[in-house]
Amino acid sequence: MFNVPELSLGDIQSAVETVIGKHHPTRSLPIPIEEIVEFNLGINIVSVENLHKKFGVDAFTSGDGKDIFVEDSLYSDLNHLRRYRFTLAHELGHIDLHGGFYKDKTFYGPDDWSKHLAEIDAAEHQLFEAQADRFGGMLLVPRKQLEVEIDLLTSGSGLSGDPFAKSQQQMCELANRFQVSESCMYVRITQEKLGAP
Amino acid sequence: MTDAHINAFGDYFRGRRAALGLTLRAFALKNRFDAGNLSRLERGIISPPGRETLERYAEALDLRNGSDEWYKLFDLAAAQSGQAPIGISDEELVAKLPVFFRTLRGQQIAREDVKILDELIAVVKQQYS
């Protein structure tokens, strides 16, 4: 059994705002996640071949939080840029939200490490992942910027401020401005209650 | 990878690249370098390359041939080329092992599968040696 931190959307939002305020105060879009991770936080982003093939994973962060290992096909192929950006934001979520849990944790060898992994059950793991996902989405699509961009997109269009009432093309345009996937944009709009699906 | 290890070449390389405002990935893509190799080079895991490759790096880093910065890159490379490659102790390796794994659908990897975990340890170790 492992105690997953109870983090409300507000808690995660607060953590995200701290990161943006400190590392990207201009809040210009798209949020330069790779630069924040590499330049501001000094975390190495390391491409690794066959992470997908061998382990079915996109990325993982080293236990000491100093390196993020990313599947090479995500890292090197510009066609996957948005997924790569979200992956970095997600991993930063683990480092920011969950890093404290491992700060004082010492594993006494690989066996101890694997034993610890086994103590995290599937439901707990999903909670950790969901929190990191929320952090990633909020970081790449901050609420204030989302409101501004929705206003810009709808002003003069004769359409309501509800992006769900708009065409797929407009949703796509919003996603382009933030350099995220349309599904990420959909989730953020829903989370912030800025549209009614 | 002990604290005592000096990685002056890698640090200088990284600093010059950062001064161009390019992340490692952007720098590698722009110049068609192998990003994995560059990452190892900057982290001091592999020794600096030979002169020909170094000249390509210098050009990509916008270092004018014959300038102080150009000489510094080559001097640091020469100084570091004799160093033994950095290894990673067992203790350091364990500190690097991950706890969370981002899969396509957010599932865990098969942690009960000893072979998978051994492979994962090998992959992590490979990134530091």
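Predicted model: local features only at pLDDT ≥ 70, side-chain atom pairs only at ≥ 80, totals over all residues.
A:Arg143 and A:Glu147 form a salt bridge, and their closest N and O atoms lie 2.8 Å apart. By salt bridge I mean a side-chain nitrogen of Lys or Arg within 4 Å of a carboxyl oxygen of Asp or Glu. The two residues are separated by about one helical turn, because they stand four residues apart in helix 8 (residues 143-154) of chain A. Helices (H or I, at least four residues) and strands (E, at least two) are DSSP runs, numbered from the N terminus. A:Arg143 is partly exposed, with a relative accessible area of 29%, and A:Glu147 also counts as partly exposed, at 30%. Buried stands for under 20% relative accessible area, exposed for over 50%, and partly exposed for what lies in between (1.4 Å probe, protein chains only). A:Arg143 and A:Glu147 belong to a network of salt bridges together with A:Arg188 and A:Glu192.

Residues are numbered from 1 along each chain as its sequence is written, chains are lettered from A and ligands numbered from 1 in the order in which they are written, and side-chain values use heavy atoms, with hydrogens and water left out.

Over all chains, the count comes to 13 salt bridges. One of them joins B:Arg17 and B:Glu42, with an N to O distance of 2.7 Å. This pair links distant parts of the chain, 25 residues apart: B:Arg17 is in helix 1 of chain B and B:Glu42 in helix 3 of chain B. B:Arg17 is buried, with a relative accessible area of 2%, and B:Glu42 is buried, also with 2%.

Let me turn to chain B as a whole. Chain B has seven helices and one strand, and from the N terminus on its elements run α-α-α-α-α-α-β-α. Of its 129 residues, 47% are buried. Among contacts in chain B with a separation of 6 or more, 64% come from residues 24 or more positions apart, where a contact means heavy atoms within 4.5 Å.

Next comes the interface. How many residues does each chain bring to the contact? Chain B brings 38 residues and chain A brings 54. The two chains bury about 4,000 Å² between them, 63% of it on carbon and sulfur atoms. Buried area here is the accessible area (1.4 Å probe) that two parts lose on being put together, summed over both.

Four salt bridges are counted between chain B and chain A. In one of these, the side chains of B:Arg25 and A:Glu34 meet at 2.7 Å, N to O. A:Asp64 forms a salt bridge with B:Lys96, the closest N and O atoms being 2.6 Å apart. That pair crosses between chains, from A:Asp64 in the loop between strand 2 (57-61) and strand 3 (67-71) of chain A to B:Lys96 in helix 6 of chain B. A:Asp64 is partly exposed at 30%, whereas B:Lys96 counts as buried at 9% relative accessibility.

The elements that give two or more residues to the chain B side include helix 1 (8-19), helix 2 (24-31) and helix 7 (114-126). Helix 7 of chain B gives the most, with seven residues.

I close with some local features of chain A. A cis peptide bond joins A:Leu29 and A:Pro30, with omega about -10°. A:Pro30 is in the loop between helix 1 (9-23) and helix 2 (33-40) of chain A. A:Arg27 is found in the loop between helix 1 and helix 2 of chain A. A:Arg27 is buried, with a relative accessible area of 15%, and its side chain makes a polar contact with that of A:Gln145 at 3.1 Å.

The whole structure has zero disulfides over all chains, a disulfide being a pair of cysteine sulfur atoms within 2.5 Å.

How values were computed:
Polar contact = N/O pair within 3.5 Å; in protein donor to acceptor, adjacent residues only side chain to side chain.
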